[in-house]
Amino acid sequence: MVNRVVVGAHYGLRDWLLQRITAIVMALYTLAFVAFVLAATPASYEDWRTAFAHPAVKISTFLFLMSVFFHAWVGVRDIFMDYVKPFALRLFLQVLVILALIVYALWAVQLLWSV
Amino acid sequence: MKFSIYRYNPEKDDKPYMQDYDVELQPGDRMLLDAILRIKALDDSLSLRKSCREGVCGSDGMNINGKNGLACITPLKDLEEPVVLRPLPGLPVIRDLIVDMSQFFKQYHSIKPYLINDNPPPQKERLQSPEAREELNGLYECVLCACCSTSCPSFWWNPDKFVGPAALLQAYRFIADTRDDATSERLDNLEDPYRLFRCHTIMNCADVCPKGLNPTEAIGKIKEQMVRRMV
């Protein structure tokens with residue numbers, strides 16, 4: 001097949017918006033987390049365990065981690081699109097990143113709900 | 001005044017090299033282009049594009065001490081010696097300071113840089129309110145010198161796919177024009193991970209624009225229009 005330049009995938013806006021929204025979620029969680037550490041000064045394993053046993057902490061942490069993963073997906077894909085020119089290698093790397101992020105998400109669920 | 005200028009003649013040279021010049025300026029020499037033309041009088045093999053010599057035609061875009069600009073409106077007194085002149089980065093060099101701008105203009109043409117309005121034109125002109133006309137300020141002044149696009153890393157990596165700041169500024173110029181009827185098609189044409197979303201808001205474009213325009217802001221407004229259309 002002739003290697004023609006093809007563009008016009010007609011996506012990108014959702015990802016761009018998602019990256020902005022997830023950045024806000026991460027910033028808010030980070031501020032809340034720092035505030036918690038400063039205010040409650042958890043020192044022992046038991047303190048941390050009690051904090052993370054609360055469903056609100058579990059869910060907000062999960063939301064934060066999902067934001068990290070989606071944010072990372074858009075960012076890492078951008079790097080691949082900029083720098084990895086062979087199409088087959090780009091596809092392979094992108095699939096690899098998606099699979100890794102799914103594993104991380106499941107792992108996060110397992111960790112958070114094991115407390 | 002001392003200069004170090006990129007020289008490359010593909011018919012004679014194996015590879016590009018930098019040539020040093022020391023040229024005596026005359027009292028009337030104010031801009032960089034004046035000095036380059038003094039050098040050209042000494043060495044007529046030095047090649048560059050120039051035309052209007054007042055920042056309107058956009059021909060003499062080049063890399064001046066590491067930053068893209070128009071030689072004709074760059075004051076000599078602001079330049080550190082030796083003044084290093086190179087062709088605009090990222091485009092194929094034809095000779096010395098002359099680059100092949102085909103890719104740049106191909107991207108420009110891809111955004112349909114003309115008014116699209118199928119309604120029959122009124123007897124005199126298509127009217128705009130003063131507010132609607134105000135929106136075009138900072139957009140229509142672009143002279144297509146390519147200083148911005150060739151300073152953009154996203155354009156360096158994907159010049160065949162990313163539209164680039166200059167053409168995106170022009171795309172917004174027509175999206176913002178109340179006399180244009182093809183807004184939605186224009187947004188469709190740009191909604192693409194490569195064509196528009198290779199812009200990572202690096203802002204080199206706004207930093208170098210010799211006309212003081214801000215392509216990054218225009219790109220942001222294109223994205224805003226897309227979000228408005230979606231939600």
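Which strand of chain B do 3 bridges join to strand β1 (residues 2-7) of chain B? The partner is strand β5 (residues 83-86) of chain B, and the two run parallel. Keep in mind that this is a predicted model, where local features need pLDDT of at least 70, side-chain atom pairs count only at pLDDT 80 or more, and totals for chains, interfaces and linings use all residues. Residues are numbered from 1 along each chain as its sequence is written, while chains are lettered from A and ligands numbered from 1 in the order in which they are written.

**Strands of chain B**

- A word on terms: helices (H or I, at least four residues) and strands (E, at least two) are DSSP runs, numbered from the N terminus, and two strands pair if DSSP finds at least two bridges between them.
- In the parallel pairing of β1(B) with β5(B), B:Ile5 sits opposite B:Leu85 of β5(B).
- β5(B) also has strand β3 (residues 61-64) of chain B as a partner, joined by 2 bridges and running antiparallel; here B:Asn63 stands opposite B:Arg86 in β5(B).
- β1(B) pairs with β2(B) too, in the antiparallel sense, over 6 bridges, and B:Tyr6 faces B:Met18 of β2(B) as its opposite residue.

- As for touching, 14 residues of domain 1 of chain B are in contact with 14 residues of domain 2 of chain B (C-beta atoms, placed from the backbone, within 7 Å).
- On the domain 1 side, strand β4 (residues 67-70) of chain B gives the most, with 4 residues.
- That side of domain 1 has 7 nonpolar, 6 polar and 1 charged (Ala, Val, Leu, Ile, Met, Phe, Trp, Tyr, Cys and Pro count as nonpolar, Asp, Glu, Lys and Arg as charged, and the others, Gly among them, as polar).

**Where chain A meets chain B**

- Between the chains, 14 residues of chain A are in contact with 16 residues of chain B.
- On the chain A side, the elements giving two or more residues are α1 (13-40) and α3 (55-83) of chain A, and α3(A) gives the most, with 4 residues.
- By class, this side of chain A holds 9 nonpolar, 3 polar and 2 charged residues.

Conventions
Contact = placed C-beta atoms within 7 Å.
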